[in-house]
Amino acid sequence: MFRASLRSWLVLAVPVVGVLVLTYSATSPEPRADGDWQAAAEPLRDGPLPSGGTAQLSTCGVDTWPRPEPRGKAEQSEDPRLALTSWGYYDPGPKTPGEPRFTVHAAIRTGDRPLVLDAPVAAGRVTLDFYGPHGEGVRASARGLTATVVDGGYPGKPVDVPASGRFRVDPGEELLLEVELPAGAVCPGHSLRDVSTCLPEGTNDAADCPMLTLTLSDPAIRAYRAGTADDSTARSFSDRLVAVFLEPDVSRV
């Protein structure tokens, strides 16, 4: 891991993920030393975000399992699937328009059938959580967000909505998404700039780095898993895609 300048991306891409997986410690995480980040003295309350959605500040410092409980059949099936590709902080600097942003990039991939999603994708049904290492608990949490379909650049450029009002994901293709972490969803003691910082910095052990959970829900996902939108059993299938980096114990997945 490295610390980049304010004007650059802190990108965790697939090659880095591979290294972290190989170096991840199988032992139980140790508690952080006194003097490190501590939860607020009084419980924090959830609140609305200016850009839409809700900051789940009541979860700050809570050390919970990063993968949510499945809420229907096939939530952990291979198709369709959501894969995290990168995330990072970007500061345009004083001479460039725009505000500092922290964004998460992901890709939706399908199986042997097309997946068609209404635009905007998962409007108001995206959740983003960051968990600090060594039992620190939640660093940032937001629900009710909306994903933006983007091209492959960094930062991503929004893609125009097709005339049909839907995005189609064909077999062998992928739909690239960008989700912005609102500053108001970051817990006290952290900022957009350091929410993904490992402890210690420069570590090669994934156990020292935050975990990230991204979820999105869409009725089309449930229909895809059920095989048909008219299937009477469709409601037993999950409408949610979940991506987690890096789950601490794959035996519990």
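## Strand E10 and its partners

In strand E10, Glu178 is the bridge partner of Thr148. Thr148 belongs to the pairing of strand E8 (residues 148-149) with E10, where two bridges join the strands and the direction is antiparallel. Strands here are DSSP runs of E with at least two residues, helices are runs of H or I with at least four residues, and both are numbered from the N terminus. Two strands pair if DSSP finds at least two bridges between them.

This is a predicted model: local features need pLDDT of at least 70, side-chain atom pairs count only at pLDDT 80 or more, and totals for chains, interfaces and linings use all residues. Residues are numbered from 1 along each chain as its sequence is written, and side-chain values use heavy atoms, leaving out hydrogens and water.

E10 (residues 174-180) also pairs with strand E4 (residues 101-109). That pairing is antiparallel and has seven bridges. Within it, Leu176 in E10 stands opposite Ala107.

## The whole chain

The chain has two helices and 12 strands. Along the sequence, the pattern reads α-β-β-β-β-β-β-β-β-β-β-β-α-β. Of its 253 residues, 43% count as buried (under 20% relative accessible area, with over 50% called exposed and partly exposed in between; 1.4 Å probe, protein chains only).

Now take contacts, meaning heavy atoms within 4.5 Å. Among contacts with a separation of 6 or more, 73% link residues 24 or more positions apart.

## A six-stranded sheet

Six strands form an open sheet in the order E1-E2-E7-E6-E11-E12, with antiparallel pairing. Its edge strands are E1 (47-48) and E12, and each pairs on one side only. Inside the order, strand E6 (residues 126-132) and strand E11 (residues 211-217) pair over six bridges in the antiparallel sense. Asp129 has Thr213 in E11 as its bridge partner.

Helix H2 lies across E11 and E12.

## The nonpolar core

In soluble globular proteins, nonpolar side chains tend to be buried together. A nonpolar core is a set of buried Ala, Val, Leu, Ile, Met, Phe, Trp, Tyr and Cys residues joined through side-chain atoms within 4.5 Å. The largest one here has 49 residues. Phe130 and Leu181 touch the most other members. Not counting residues up to four places away in sequence, Leu181 touches Phe102, Leu128, Phe130, Ala140, Val186, Leu192 and Val195.

## Two loop residues

Ser238 sits in the loop between helix H2 (219-226) and strand E12 (240-245). Ser238 counts as buried because its relative accessibility is 0%. Its side chain makes a polar contact of 2.7 Å with the side chain of Glu75. A polar contact is a pair of N or O atoms within 3.5 Å; within protein, one must be able to donate a hydrogen and the other to accept it, and residues adjacent in sequence count only if both atoms are side-chain atoms. Leaving out residues up to four places away in sequence, Ser238 touches several residues, including Arg71, Ile221 and Arg225.

Asp79 lies in the loop between strand E2 (54-55) and strand E3 (81-90). Asp79 is partly exposed because its relative accessible area is 29%. The side chains of Asp79 and Arg81 make a polar contact (2.5 Å). Asp79 and Thr110 are 31 residues apart in sequence, but 5.3 Å apart in space, C-alpha to C-alpha.

Conventions:
Axes are lines fitted to C-alpha atoms, for helices over the stretch in contact, and angles run from 0 to 180 degrees between N-to-C directions.
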